[in-house]
Amino acid sequence: MVEKFSAPKGVSEYFPPRGRDFETAIEKLLEPVRSAGYQLIELPIFEDTELFTRGVGGSTDVVTKEMYTFQDRAGRSLTLRPEGTAGVARSVIEHGLERGQLPIKVFYKGPFFRAERPQAGRYRQFFQVGIEAIGADDPALDAEVIYIAHRALQNLGLKNFTLKISSLGDGESRSKHRIELMKFISHIDLDQESLDRVAKNPLRLFDDKRKEIIAAMESAPLIRDFLSPDSQENYESVKSHLRNLGIAYEEDPRMVRGLDYYTGTTFEFLHHGLGAQSAIGGGGRYDGLLQALGGSQLSGIGFGLGIDRALLALDAEGITLEQERSGLDLYLIPLSPASKITSVALLAKLRESGLRVDMSYGDRGLKGAMKSADKQGAKFTLVLGDDELSSESVHVKNMASGEVVSVKLSASEISSFIKKMI
Ligand code: AMP
């Protein structure tokens, strides 16, 4: 026996009929994105490894433990993209978009890769829709980005989610906080690995899942008490815009996002039907990223929404995505070699006329073909035998009512008849 293959461990994949939900979910998530003027940016799946080490941050799990890194044939180190922002920043700098109209507003969609421990809602290849708005440091833009993420989830039909926000402040706020936080952390007994992470980014300790660390961090100094007047004003302004937009939020001063480059506003959407992997999307502002990658001193803000988790959230809320048009309009059933020749040409013309049409392949009998038509949700069927060819008239059957109507054997007549009926 030939050995069968399985997909690599921990990847998510979508095949019919779920593939349709996947496609529809992306479209629905993108509607509010497009209506706010964001345009597609399509980037490589792999980049120079150093882009992520520098752009995502050396203290993160993503960089230290989860990157799929490989050498190409010329010995260059490449990494499958674990997130979208670093690649966008690279592209913006490389192609000089920073010198054009600001803010640059782009969206992306596609697969991302992290070598995580697979579990429900956590995959090694997963999908995101994301946006970035680069080149305007304006609280109104922070609010826009959060609003779009919120609208996108609502547009899917989701209800059972909440928004958490925080501010990580500007450089001044962060260095003051860092001094106090480091003092505090020096009293906690830490292993070498944790000490190394803390040295790179002490905020990481707020994200530690170990019980004793969570308990120890209970009374840690919080960044919200160190915000500079500018950062405070900025944060208040973002919250006030959100209130004006009617978006409910909870403040979470302990929120640390998974990536190192965030500054200022950070946010996360949690869905309450997803169990442990409840983060359905998140993002924030990044002040130093472009500069760290050799670009100008532009600030940006963006989000990434997990499509896999969005689909799981729909299941959890019992929501079926409305497909714009589901099933076939018409199914052709040729019953003889001559009628198959006519069917192939008819099929093409009917499809070109805008109908969704398929036909019975493989010389199956009438009964089997009717079953296929039913399974594919065909609204009408058309049986074509030698009699129909010679009389140049066909019977079109309405699958819901069972009614049969005679129509002239011509693509345009059949097409206009079906269009009138659907
Ligand atoms: P992050 O860049 O970690 O903030 O991720 C943004 C969103 O992508 C998260 O809120 C999740 O919905 C989704 N996501 C991140 N990692 C994974 C993963 N390993 N599997 C499935 N979804 C993920």
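## Close-up views of a predicted model

**View 1. His395 faces Ser406.** His395 stands opposite Ser406 in strand β16. Strand β15 covers residues 393–398 and pairs with β16 in the antiparallel sense, over five bridges. Two strands pair if DSSP finds at least two bridges between them. Helices (H or I, at least four residues) and strands (E, at least two) are DSSP runs, numbered from the N terminus.

This is a predicted model, in which local features need pLDDT of at least 70, side-chain atom pairs count only at pLDDT 80 or more, and totals for chains, interfaces and linings use all residues. Residues are numbered from 1 along each chain as its sequence is written, and side-chain values use heavy atoms, with hydrogens and water left out.

**View 2. Five strands make an open sheet.** The order is β13-β12-β14-β15-β16, and the pairing is mixed. Strands β13 (357–359) and β16 (404–408) stand at the edges. Each has a single partner strand, so one side of each is left without a neighbour in the sheet. From one strand to the next, the twist averages 25°. Axes are lines fitted to C-alpha atoms, for helices over the stretch in contact; angles run from 0 to 180 degrees between N-to-C directions.

**View 3. Helices α13 and α15 lie across strands of the sheet.** Helix α13 (residues 366–375) lies across β12 (330–334), β14 (380–384) and β15. Its direction is at about 165° to β12. Helix α15 (residues 411–421) lies across β12, β14, β15 and β16. This helix runs at about 145° to β16. Contact means heavy atoms within 4.5 Å.

**View 4. Phe112 and Phe126 form a tilted aromatic pair.** Rings of Phe, Tyr and Trp (its six-membered ring) pair if their centres lie within 6.5 Å; planes under 30 degrees apart count as stacked, over 60 as edge-to-face and the rest as tilted. By this rule the count is eleven aromatic pairs. Phe112 is in strand β5 (residues 104–113), and Phe126 is in strand β6 (residues 125–134). The two lie 14 residues apart. Both Phe112 and Phe126 are buried (under 20% relative accessible area; exposed is over 50%, partly exposed in between; 1.4 Å probe, protein chains only).

**View 5. Tyr261 and Tyr262 are also a tilted pair.** Their ring centres are 5.0 Å apart and their planes stand at 50°. Tyr261 is buried, at 9% relative accessible area. Tyr262 is buried too, at 6%.
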